[in-house]
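User: I have a model open and would like to work through some questions about it. Could we go one at a time?

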Amino acid sequence: MIRSIVFGAAAGALALAPLSAIAGPYANIEANAGWSGSDYSGSVTDLHVGWEGGEGVYSYYLQGGPAIVMPDGGDTEMEFSGKIGGAVAASEKLSVYGEISGITGDDNNSYGGKAGVKFLF
């Protein structure tokens, strides 16, 4: 399911690419590790390719690819993960952003989201 969503969104972003003032492909390698207190729980390394662009006060990105899941004391697995996000510049000093992400899994898929406000000084 997540693969269909990510690939469909990627196709849509590529179709809109000529309409964007600034757009382009990129590669993003990101490692995320987790701890609870001093107990290490594991890490996930994303090996993504993506597309970013924007026009005026709007910007967006879409990325996806393999994810290497390495739980502490468990077997390393290869999954698929993806992210889609964007931002709106509310003023010269303030922007609002959001992201939705997902990763496949043996038993079920996992999803996440974040939203925030960025202030420039």
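User: Which side chain does the side chain of Thr104 contact in a polar contact?

Analyst: This is a predicted model, and Thr104 sits in the loop between β5 and β6. The side chain of Thr104 makes a polar contact at 2.6 Å, and the partner is the side chain of Glu79.

User: Is Thr104 buried or exposed?

Analyst: The relative accessibility of Thr104 is 12%. Buried means under 20% relative accessible area. Thr104 is therefore buried.

User: Where is Asp106 found, and is Asp106 buried or exposed?

Analyst: Asp106 is found in the loop between β5 (94-103) and β6 (110-119). Its relative accessible area is 62%, and the cut-off for exposed is over 50%. Asp106 is therefore exposed.

User: Which residues form the negative surface patch?

Analyst: Asp106 is one of the residues in this patch. Asp and Glu count as negative.

User: How many salt bridges does the structure hold, and which side chains meet in a salt bridge?

Analyst: The structure holds 1 salt bridge. The distance from N to O is 2.8 Å, and the side chains are those of Glu30 and Lys83.

User: How many residues apart are Glu30 and Lys83?

Analyst: Glu30 lies in strand β1 (residues 22-36), and Lys83 lies in strand β4 (residues 77-89). The pair links distant parts of the chain, and the separation is 53 residues.

User: Which relative accessibility values go with Glu30 and Lys83?

Analyst: Buried means under 20% and exposed over 50%, with partly exposed in between. Glu30 counts as partly exposed because its relative accessibility is 25%. Lys83 is buried, so its value falls under the cut-off: 13%.

User: What accessible area does the nonpolar surface patch have?

Analyst: The patch is formed by Val96, Val117, Phe119 and Phe121. Of these, Val96 lies in strand β5 and is partly exposed, with a relative accessible area of 41%. Together the four residues in the patch have an accessible area of about 510 Å².

User: In what order do the elements of the protein chain run?

Analyst: The protein chain has 1 helix and 6 strands. Read from the N terminus on, the order is α-β-β-β-β-β-β.

User: What percentage of the residues of the protein chain count as buried?

Analyst: Thr104 and Lys83 are among the buried residues. The protein chain has 121 residues, and the share that counts as buried is 27%.

Methods. Residues are numbered from 1 along each chain as its sequence is written. This is a predicted model: local features need pLDDT of at least 70, side-chain atom pairs count only at pLDDT 80 or more; totals for chains, interfaces and linings use all residues. Side-chain values use heavy atoms; hydrogens and water are left out. Patches are made of residues with over 30% relative accessible area and no salt bridge: like charges are joined within 9 Å, nonpolar side chains (Val, Leu, Ile, Met, Phe, Trp, Tyr) within 5 Å. Accessible areas come from the Shrake-Rupley method with a 1.4 Å probe; for residues, only the protein chains shown count as cover. The place of a charge is taken as NZ of Lys, CZ of Arg, CG of Asp or CD of Glu. Helices (H or I, at least four residues) and strands (E, at least two) are DSSP runs, numbered from the N terminus. Buried means under 20% relative accessible area, exposed over 50%, partly exposed in between (1.4 Å probe, protein chains only). A polar contact is a pair of N or O atoms within 3.5 Å; within protein, one must be able to donate a hydrogen and the other to accept it, and residues adjacent in sequence count only if both atoms are side-chain atoms.
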